[in-house]
Amino acid sequence: MERRKFLSLLSLVLITFIVFIFIFDNLPSSTNFHSVNKAAVELELAQPPPRKLTRHVHVSDMASHPLDPLTVQEVNRVRSIVTTHALFKTAKKYALHSVVLEEPQKPSVLRWKEGDPLLPRKASVIARVDGGTHVMSVDLGSGRVEMVDVGEVSGYPTMTIEDMNTATFTPLESKEFNRTVVDRGVDLEDLACLPISTGWYGKKEEKRRLIKVQCYSMEDTTNFYMRPIEGLTVIVDMDTNQVVEISDNGKDIPIPKAANTEYRFAAQKNNIHHKIKPINPISIEQPKGPSFTVENGHMIKWANWEFHLKPDPRAGVIISRAMFRDPDTEELRNVMYKGMASELFVPYMDPSDAWYFKTYMDAGEYGFGLTAMPLDPLNDCPRNAYYMDGVFAAGDGRPYVRSNMVCVFESYTGDIGWRHSESPITGMEIREARPKVTLVVRMAASVANYDYIVDWEFQTDGVVKIKVGLSGILMVKATPYTNTNQVPNHDDLYGTLLSENVIGVIHDHFITFYLDMDVDGSDNSFVKVNLKRQQTSPGESPRTSYLKATRSTAKTEKDAQIKLKLYDPSEFHVINPNKKTRVGNPVGYKVVPAGTAASLLDLEDPPQKRGAFTNNQIWVTPYNRSEEWAGGLFVYQSHGEDTLATWSERDREIENKDIVLWYTLGFHHIPCQEDFPIMPTVSSSFSLKPVNFFERNPILGMPPNFEKDLPVCQAASSAS
Ligand SMILES: *[C@@H]1O[C@H](CO)[C@@H](O)[C@H](O)[C@H]1NC(C)=O
Ligand SMILES: *[C@@H]1O[C@H](CO)[C@@H](O)[C@H](O)[C@H]1NC(C)=O
């Protein structure tokens, strides 16, 4: 590998990427996937050419749906409006930390129909101007700028990519820092630094936008994360770009070796003896093309589902207006107005100087969408995937395109949709089974070392499964130990010895989802269906106990603060009390948890105060446009006074009202050697499942597969 001044890999990659995108965006136009005509599809059938990604040109994009994200032209317009505003004209320094569509009021969006004129377009802008934070509502038509009062709250907006980049270079302005690095035996040319959000731990850190920078050696490896310069932390002021403090507590801790840390395919060939028995190529082929369409860039229609999909710099992806066409009535029925990852909370479990503050909020601090890199076709998503780009704004307000940020594809994993067969005793030969095909919307964020894969999987039976996969590289701690036999007390390691001199520190991941359910309309109720053991009365039955379901409707927010319990189980339904099925059940959807974890930190621990939205797994709040981000609008260094937990304490009424369901998916992670040098994906999920929403099984009429309908790939014989 060529040696060059490569001080911050992360930032350089990001910047290079932006430059790339500008180049791509100027390429001549190419066809889009949904404009491919029938003849072309037939041709492809006869002689399938290698499928190339179409490079969509965004300069001339026009919004066509009220929820469409800002286009390149619109971001440019925002920039020219805002930068000529009085506030900016006299400013010494400013940066735009967020430029996104200000979604029109919900009732206007609900009334809007395809073909109606587009609703007035507005942008919501969060800017830092000479050390102050401002929220602006920008009318793209009139050019009017309205300052939005967000009250007195602690915290700062999401960092810009420029903030992160500058922070990683700032330590080099200190002689002391340079000397320390060299003393540790690291060539300054081999330094890679990471910007680590500071959290909030009291007075000392207030009134300054701070970041902690820690560095690694990338000598002989691209996986520099495995070579920490332990105990060296530089506090940088992000507004003045100055080094505030250097703490250096790891002088005697060796930097772990580079051996066996590489994970790139090309780099492994020579040093890892691969004895993995290869599997033959496998792929989904759709000779007749996909069964979904993407209309006007953002409306996805597949099977009975319709929804609006857009990339978002903070949430990653936003699903809106999810509707299902009832197979019995053919009516298009509302399910969810808006769904997204609202916040992530990732506390590490090591209270020592160089570690205690590592309690990330990846959406509000780093931007879950900003850190989503282009997906790798064929490997991140299957060959039949469609790709969607994100259009975001840089710190100076200029638009840039994050290409292939989201993929959409039909998935068939060999699972069964429903089945039944009869045994010979009935005299009937019945074998009925239906294959399960789903539609997946996927994005993957790489928040520095860690990778999060978020899937929204739509099923034909009305279920929406939300799955989060964790992969990427652990944040590790260097140690003098090379074997566990040198460790006096294992439990004091704060983690697991993964390799010589490398500890994988225990940590949690919580992903809190915002789910504005609108089940057959906006006014819904939250119903807990609790299962309890019922004792039979003496003589009533040979049985002494059975389970009984008791329904209770939450009246106010506190009734809907739910902690999951295995020995006191409940179902959690969002129902429409105003609409009943033929036999009288209220129509509904339930949230179905799967494997998950709860935060066990002290409620008064500063990170848990900021992450108080994880104090319960489920919350329900009345719909409020200003309550979308579970950790608050300004999460960076916030004190935790504007979280979902504080909103919910207001105990507002939620019965038969427009309500929002919040669900937190959690993981405890005790690292193990298999996580070194890169982690195999670990996933968990939860589902939104219809419960008395349909009159009967909605996929009853689905046909089975027949041999004649399936593509025949003749490259090889089947397994035997
Ligand atoms: C620290 O080292 C870097 C890289 O060699 C150099 O560019 C910078 O000027 C040095 N800083 C100081 C204060 O000498
Ligand atoms: C809506 O949310 C904001 C921010 O939390 C709050 O100030 C306001 O009181 C809320 N409105 C209602 C009606 O609850």
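Let us begin with one side chain: that of H507 makes a polar contact of 2.8 Å with the side chain of Y450. By a polar contact I mean a pair of N or O atoms within 3.5 Å; within protein, one must be able to donate a hydrogen and the other to accept it, and residues adjacent in sequence count only if both atoms are side-chain atoms. The model is predicted, so local features need pLDDT of at least 70 and side-chain atom pairs count only at pLDDT 80 or more, while totals for chains, interfaces and linings use all residues. Residues are numbered from 1 along each chain as its sequence is written, chains are lettered from A and ligands numbered from 1 in the order in which they are written, and side-chain values use heavy atoms, with hydrogens and water left out.

H507 also has a polar contact of 3.1 Å with H509, again between side chains. H507 belongs to strand β23, residues 507-517; helices (H or I, at least four residues) and strands (E, at least two) are DSSP runs, numbered from the N terminus. Is H507 buried or exposed? H507 counts as buried, because its relative accessibility is 0%. Buried means under 20% relative accessible area, exposed over 50%, and partly exposed in between, with a 1.4 Å probe and protein chains only.

I turn now to empty space. Rolling a probe the size of a water molecule over the atoms shows where such space is left. The whole structure holds four cavities of 30 Å³ or more. A cavity is a set of points, on a 1 Å grid over the protein atoms alone, where a 1.4 Å probe fits but cannot get out; lining residues have an atom within 4 Å of a point. The largest cavity contains about 120 Å³ of space, a volume being the space filled by probe spheres set on the points, which are joined across faces, edges and corners. Its lining has 14 residues, and Y360, D362, V447, A448 and N449 are the closest to its centre. Strand β5 gives the most to this lining, with three residues.

Finally, we come to ligand 2. Its surroundings are N624, S626, E627, W647, R650 and R652, where near means that a heavy atom of the residue lies within 4 Å. An oxygen atom of ligand 2 lies 2.3 Å from a polar side-chain atom of N624. For E627, the distance from a side-chain N or O atom to an oxygen atom of the ligand is 2.8 Å.

Methods: 1 Å grid on protein atoms, 1.4 Å probe; cavity = no way out; pocket = protein on both sides within 12 Å on 5 of 7 lines; lining within 4 Å.
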